[in-house]
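Dear colleague,

Please find the structure below, followed by an account of what was found in it.

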Amino acid sequence: MARWCHRHRLVVLLLWVGALFGLGFSASAAGTDYANVFSLPNTDSKKAYDLMEKAFPARAGDTDTVVWKVDEGSVRDADVRARIQPALQKIAGMKGVGDVAGPYTGAQGAAQVSRDGRIAYAQVTFTQRANEVPKELVQDVVDTAQDAERDGLRVELGGQAIQRVQEPPTGLAEMVGLVAAAVVLFLAFGSVFAMLLPIAVAVFGVGMGLFGTQLLSHSTDIPDLAPLLASLIGLGVGIDYALFIVTRHRRGILRGLDPEESVVTAMNTSGRAVLFAGGTVCIALAGMLVTNLRFLDGVVIGTSLTVVLSVLAATTLLPALLGFLGPRVLSRRQRRRLAEAGPEPERASGLAARWSAGVQRRPRTVAALALVVMAVLALPVLSLRLGATDQGNDDTTTTTRQAYDLLAEGFGPGFNGPLQVVADGGDTAALVKGIQGTEGVARVAALPPAGGVTVVQVVPTTSPQSKETDELIDTLRDEVIPRAGASAHVGGVTAVSKDFATVTGDRLPLFVATIIGLGFLLLLVAFRSLVVPLTAAVMNLIAAAASFGVLVAVFQWGWGLDLLALGKEGPINAFLPVIMLSLLFGLSMDYQVFLVSRMHEEWVHTRDNARAVRVGLAETSRVINSAALIMVCVFLAFVLSGDSGAAMAGVGLAAAVALDAFLLRTALVPAAMHLLGSSNWWLPAWLDRRLPHLAVEPAEDPAPEPAPGTGGPSSAVHGFVRDASGAPVDGAAVTLLSKGGRQLDRVTTLADGSYILTVPAPGTYLLATTSPAHGSNARHVTVPDTPLTHDVELTGGGVDAVN
């Protein structure tokens, strides 16, 4: 497939461009229909909701709030009313606004003014849901309301629709992430063309994934958080997967391979690993389905679709783009060095090699230090509290946060999250009386019954996110309602959030066991070892604990929130552990596969564990760290998304990837493998016979075994190296390489231009000849079971070999 895509690159590119624009046009024409569906079967809040829906059919539109406060006097003063009332009437007359309920009209108006008379609010009900209300209409509402401000009169607005217009421009986070990734790629490759390849692959994969998710939102329930998370994970894996393949391709060209053969080799090695890694990410994402939370179903669909398309782009579009570039995928300095000095031997050098050797010398010290750091970072996870963020967690400069604070100031902290006790039988009067006498209740109001159902509005004395409010819900359910002898259920947004957190926490162990078990089985089959997958599972748990510790310290304790402009501290979103663990285990598996597959390849060749771990770490740590740095940049960019859930996921995943790549995969994992020795690759014989064989990243071209009975090489290549005039070339370097670029033998020609190379076995090899004065020459040669005579002619331009 890689060879076909490389040779038919124009066709492949046109197909991808056509598919992207076709999906984009269809998605733009269809629009969006995202829906946040929190279905919590068998929970008390779900039963309350069902009763409410039956007796009081909810209005379809989103309800937002206009809040105003006077510094002196009262909101009932004529001059204040003269400024606010016309603004509310103008808003009520806007197309798309269904109703405006203010404090100056209606029987309930007086209840919308605070006790001190300085704060009041009006409720604006749109005819559509928050995500469907045109932003132009919402902006008109905001402008009209805030135009009523004057000295001493402050106007703020809150609600889901209002929150949409204060978000940064769509795509800002993605653009910042791409720019940061481009900088890292340029530093890693030193070539603008090579830098653009992973960016292009990611843009195609994420673009098509987002358009596809948008179209699917019309046929299934997909939450509005899904596209953000799909962009976040799609950009990360799309760039990383292309980075791994391009790195292997560049290495092949530097070893003397023809560009097409190098592409084929890169796809047959790193491309296989990309397919395997993408599959593990999708499996980890699908693990969310075991929680049976409908809200997460749409997240699984959107993110998995984007990952699949990113993998498809990396394995089909990327070979085509590499075909357009040819040798220009290398930097100018690399191309010049290749022309002058010929193919480079395959060896690791620099900081990566020195670090790998250092880990081998002191594995106990490295492992102990890494474990201490991870343990310290994981300590805050002991105080993890799941819940839901609301507009009280927005940045203090936003109008939604200021409206939230004004309502809390005027009507109490619990006003922003009232509870609804829904009763369909029993002594309602006793229920109301019991609720009024409960500690932690500020106000109680029973609405007129309908269809035999009575709704009691309960305003707590504490905020929706406080622990005391959760305890009040438990008290109402476990003590107050049974004591009153009523058939009632506690609902409302705050109760739903609490039940969601409880259900998520209860199902989290099953979810973690599922994805760790699946990952263990995949690695067991891939690497034919019990210890490697067991080590990976333990490392994943360590990474998860440390990353959640960072998340708690930042978002729950508030460390650095002001610096990041992320608003106020609060509980961790209840859905975040499931989403984060899915993405974390998937991405961790990627790094484990790329690291251990190289170690496993070396182990198969040498049966030397110390060498396998040292070589595998030295040759992969640089690309793993570059890939992780790109992901960290992409994830942190989502702090700019304007969505608190995406920002929380971005910070959490950035911390997880950084710790996983920089501490676990390049320090703790290799140190542990050095300590475990050959037992890393232990597998019972009976299990080995029963396991299917799965080649994750096969050796590029394993050295063939010598012919039976020879005790040495089965053949040889020999001949003369001459220039265009027929004169012998003295001191030319002649290198024999496998088709995958592995150096097998290297000699220098004698004064008469002669050379002889040993060949491990009959087969096809690459013969590269270089001379500073005569250029270079590379040609595939097929060696039989007898010595092959192969003469080479060198010219300044590098011509064909002559046999």
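Helix α7 gives the largest share of a nonpolar surface patch, four residues. The model is predicted: local features need pLDDT of at least 70 and side-chain atom pairs pLDDT 80 or more, while totals for chains, interfaces and linings use all residues. Residues are numbered from 1 along each chain as its sequence is written, and side-chain values use heavy atoms, without hydrogens and water.

The patch consists of Val179, Val183, Phe186, Leu187, Val192 and Leu196, with about 560 Å² of accessible area together (Shrake-Rupley method, 1.4 Å probe, only the protein chains shown counting as cover). Two or more residues come from each of α7 (172-189) and α8 (192-216). Patch residues have over 30% relative accessible area and no salt bridge (a Lys or Arg side-chain nitrogen within 4 Å of an Asp or Glu carboxyl oxygen), and nonpolar side chains are joined within 5 Å. Helices are DSSP runs (H or I) of at least four residues, and strands (E) of at least two, numbered from the N terminus. Leu196, in α8, counts as partly exposed because its relative accessibility is 43%, between the limits for buried (under 20%) and exposed (over 50%).

There is also an open, antiparallel sheet of four strands in the order β7-β8-β6-β9, where pairing requires at least two DSSP bridges. Its edge strands are β7 (441-446) and β9. Strand β6 (residues 419-423) pairs with β9 over four bridges; Ala423 stands opposite Ala488, and Gln420 has Gly491 as its bridge partner. In β9, Ala488 and Val490 point one way, His489 and Gly491 the other, and all are buried.

Yours sincerely

Note on methods:
Patch = residues over 30% accessible without salt bridge, like charges linked within 9 Å, V, L, I, M, F, W, Y side chains within 5 Å. Buried < 20%, exposed > 50% of the residue type's maximum accessible area, 1.4 Å probe, protein only.
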